[in-house]
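Keep the sequence and the 3D view open as you read.

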Amino acid sequence: MLHPIDAWCWFSLRPLRLCALCAERGFGCVFPDIFVANSRRENSVTEALQIISNEHRSMWQLTVVLDELRKQLGNPRQKPDSDLFNLILDYIEQYVERVHEPKEEAFLYKAVMERTSEGNEMIAEFQREHASTPEVVARLRSQLKSLVRDYPAGVAEFQAALEEYISMMRRHILREESDLFPLARKILTDRDWDGINTAFADSEDPLFGERVRAEFRSLMSRIVNQAPEPIGFGLVAKAKPAAEAHPVLLSVANLTSQYGRIQALRGVTIEVRQGQLVALVGANGAGKTTLLRAISGVQKASAGEVRFAGQDITHLRPDQRVRMGICQVPEGRQVFGPLSVEDNLRLGAYTRGDKKSIEEDLEQMYAMFPILKQKFKQAAGTLSGGQQQMLAMARALMGRPKLLLLDEPSMGLAPLLIQEIFNAIISLREQGKTVFLVEQNAQAALSIADQAYVIETGEIVLSGSGSELLDNEQVRSAYLGI
Ligand SMILES: Nc1ncnc2c1ncn2[C@@H]1O[C@H](COP(=O)(O)OP(=O)(O)O)[C@@H](O)[C@H]1O
Ligand SMILES: [Mg+2]
């Protein structure tokens, strides 16, 4: 699986290009090296560090939200969202102050100081920052209260106080990750780690245990859900409110399919509603491609049913399904290499007779993928992998499909290109197109999907909205490496 950090900001959960922080760094994620190194499960010795890193990640996301909220202040017609501010301050006060900081100080800092004085100065500074948090948060709360009352008077002061707090929090996290953790790794013994890990993982402990984590997970998810769309988490797709009202376009019921004796699909049931972006995620070999092929008709079903726009299409030929509006972009693109970009696109419209609107659609494709316009005369085979993926998608769209099936569009692509592809998929979603997206890049796919399914060895094992699955522990550990 491509690590989500390749395409998405690990902290804001947005494509790198849409993340203000990443933009500041020339679209590199804020801590690709540090965070990934620390969160990678190389060995169980430093399990506590992984827990702390996860907590840092949540806190960093909060700083992203806070910072966006800070920037939005000042519009006289729009009062600050004091509920959201307060939820974040609750989280900081209750979780960061009550759970995270004491735990770090009592176990990690203590162990490091017992082994070496090398980090003493740094740790003393961390402790001072921890100690100042309650006062800072209290001050922010009281400033917020008067701000809401006298808005917009007091904006500049509040903005400055927020900015100072955010930068302190970020500096603190970054220094712990990049200076303290390596030092701890270097000097702590296995026995030290045993003690630290036990303290961090002890699920019986009323303060640090699972229950507390669950409590704060729900606080965190309330923050996520209240954050407005353009802010940080906004890209975590919310199911469209009217979803249920959208008619079902595709339904697959108890579908089975095999290759000889290998049973690739074992009774798959899924549904795609009109105008929705539905994702199917699963590991290599799980049966994703087979399901797409069974929907487009190139793979035979041995039992079960496929219905499209109310009609049973289980036994229709692939070309009949294409004419009905089902179009698949196959795994590994498969453009017509010797033909020009433009000819490839025109071929996509071969089922259509309406010449004039074909020209219009061509322009639309060029607007969506400007690089294709630049290269319209070039042979498709000379394009890069990412450009070929864009071409394959655009070619499919030229057929004005009612349902677009995408098979792992991000596969094998460089981070920036993955981002382009996902941005294009997001824009299809915004245009109300119906898309069934198959991906191994679960983080990216779930982040933008209205609904999603998880497939394992030919069976659907989980389903829910994209954000539900992103939050699901099982999904997080199996597919997101979190
Ligand atoms: N042409 C084939 N012949 C035999 N087995 C196949 C063929 N294609 C796929 N399979 C098997 O079917 C299962 C599902 O494969 P596939 O649908 O390609 O998975 P995914 O797209 O999720 O990686 C795998 O066990 C794979 O080995
Ligand atoms: Mg596949």
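## Helix 4 and its partners

A crossing is left-handed if the near helix is turned anticlockwise from the far one by less than a right angle, and right-handed if clockwise. Helix 4 passes helix 5 in a left-handed crossing. Helices here are DSSP runs of H or I with at least four residues, strands are runs of E with at least two, and both are numbered from the N terminus. The model is predicted: local features need pLDDT of at least 70, side-chain atom pairs count only at pLDDT 80 or more, and totals for chains, interfaces and linings use all residues. Residues are numbered from 1 along each chain as its sequence is written, while chains are lettered from A and ligands numbered from 1 in the order in which they are written.

Two packed helices are described by the angle between their axes and the distance between the axes. Axes are lines fitted to C-alpha atoms, for helices over the stretch in contact, and angles run from 0 to 180 degrees between N-to-C directions. Contact means C-beta atoms, placed from the backbone, within 7 Å. On helix 4 the contact residues include Phe85, Leu89, Ile92 and Val96. On helix 5 they include Ile123, Phe126, Val137 and Leu140. The contact divides into 14 nonpolar, five polar and five charged residues (nonpolar: Ala, Val, Leu, Ile, Met, Phe, Trp, Tyr, Cys and Pro; charged: Asp, Glu, Lys and Arg; polar: the others, Gly among them).

Helix 4 also packs with helix 7 (residues 190-201), at about 175° and with the axes 10 Å apart. This pair, too, is therefore roughly antiparallel. Lys103, Phe107, Leu108 and Ala111 of helix 4 meet Asp192, Ile196, Ala199 and Phe200 of helix 7. Six of these residues are nonpolar, none polar and two charged.

An open sheet of six strands runs in the order 6-7-8-3-9-10, with mixed pairing. Strands pair if DSSP finds at least two bridges between them. Strand 6 (326-329) and strand 10 (459-465) are the edges; each has a single partner, so one side of each lacks a neighbour in the sheet. Neighbouring strands are turned by 15° against each other on average, direction ignored.

Strand 9 (residues 451-456) and strand 10 run antiparallel, joined by six bridges. Glu456 has Glu459 of strand 10 as its bridge partner. Helix 9 (residues 288-296) packs on the sheet, touching strands 3, 6, 7, 8 and 9. Its direction makes about 150° with that of strand 7. Helix 14 (residues 385-398) touches strand 6 and strand 7, at about 170° to the direction of strand 6.

## Around ligand 1

Which helix gives the largest share of the shell around ligand 1? Helix 9 does, with three residues. Near means a C-beta atom, placed from the backbone, within 6 Å. Residues around ligand 1 include Tyr259, Asn284, Lys288, Thr289 and Thr290. Strand 2 (262-273) and helix 9 are the elements that give two or more residues. The shell holds four nonpolar, six polar and one charged residue.

Note on methods
Contact = placed C-beta atoms within 7 Å. Parallel < 35°, antiparallel > 145°, perpendicular 65-115°, else oblique.
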